[in-house]
Amino acid sequence: MNPNNDFTEADRISPVYCPRCHQPIPRAVSERQRMCDECLAAQDQVQQNALAAQEQARAQVFNADTGVGPCPACSSRNVIQFKEDAGGGNKSTTIATTGVLGCLCFWPVLIVLPVLALMGSKVTVRQCRHCGHRWQV
Ligand SMILES: [Zn+2]
Ligand SMILES: [Zn+2]
């Protein structure tokens, strides 16, 4: 319970209440920590629990092993691997342009096609689910 000797004359005239449990608390206490000791401890516990849960969730993400290998940035083994276009450009636009060119004149297509094939080649990319780091293998 609140030690009553902390209450001043000002508290008796105009009491300050704890915003959480609505018990009167000494002005000095309310200025220092806003709430009464019990509520402060209870809130700390809630925050600690939330932090612990967050930490646990992070650890779970970190410790998951996808079997691909460790992340070079954070060493987590929760790494996914996928294929991506090496060119990274807008391929459909290139194809459309090639189509138009092909209609206008046939022979440039024979030159453009190998270039397209080169652009369409895939690279293997890995991404860490823990820190988001992304790299090419
Ligand atoms: Zn309280
Ligand atoms: Zn990572």
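Reader: Leaving aside its neighbours within four places in sequence, which residues is Q81 in contact with?

Author: This is a predicted model, where local features need pLDDT of at least 70, side-chain atom pairs count only at pLDDT 80 or more, and totals for chains, interfaces and linings use all residues. Residues are numbered from 1 along each chain as its sequence is written, while chains are lettered from A and ligands numbered from 1 in the order in which they are written. Contact here means C-beta atoms, placed from the backbone, within 7 Å. By that test, the partners of Q81 beyond four places in sequence are V68, T124 and R126.

Reader: And is Q81 buried, partly exposed or exposed?

Author: Buried takes 20 or more other C-beta atoms within 10 Å of a residue's own, exposed takes 12 or fewer, partly exposed falls in between, and the C-beta atoms are placed from the backbone. Q81 has 13 such neighbours inside 10 Å, so it counts as partly exposed.

Reader: Which strand does Q81 lie in?

Author: Strands are DSSP runs of E with at least two residues, helices are runs of H or I with at least four, and both are numbered from the N terminus. The protein has five helices and five strands, in the order α-β-β-α-α-β-α-α-β-β. Q81 sits in β3.

Reader: What is the strand order of the open sheet, and which strands stand at its edges?

Author: Two strands pair if DSSP finds at least two bridges between them. The three strands run in the order β3-β4-β5, with antiparallel pairing. One side of each edge strand lacks a neighbour because each has a single partner, and those strands are β3 (79-85) and β5 (134-136).

Reader: How many bridges pair β3 with β4, and how many join β4 to β5?

Author: On one side, V79 stands opposite C128 in β4, and the antiparallel pairing of β3 and β4 covers seven bridges. On the other, V125 faces Q136 in β5 and R126 faces W135. β4 (residues 122-128) is joined to β5 by three bridges.

Reader: Which residue in the turn of the β4 and β5 hairpin has a positive phi?

Author: Five residues lie between the two strands of this hairpin. The positive phi, about 85°, belongs to G132.

Reader: Which residues make up the largest nonpolar core?

Author: A nonpolar core is a set of buried Ala, Val, Leu, Ile, Met, Phe, Trp, Tyr and Cys residues joined through C-beta atoms within 7 Å. One member, V29, touches D6 and C36, not counting residues up to four places away in sequence. The five residues are C18, I25, V29, M35 and C36.

Note on methods
Two residues are in contact if their C-beta atoms, placed from the backbone, lie within 7 Å.
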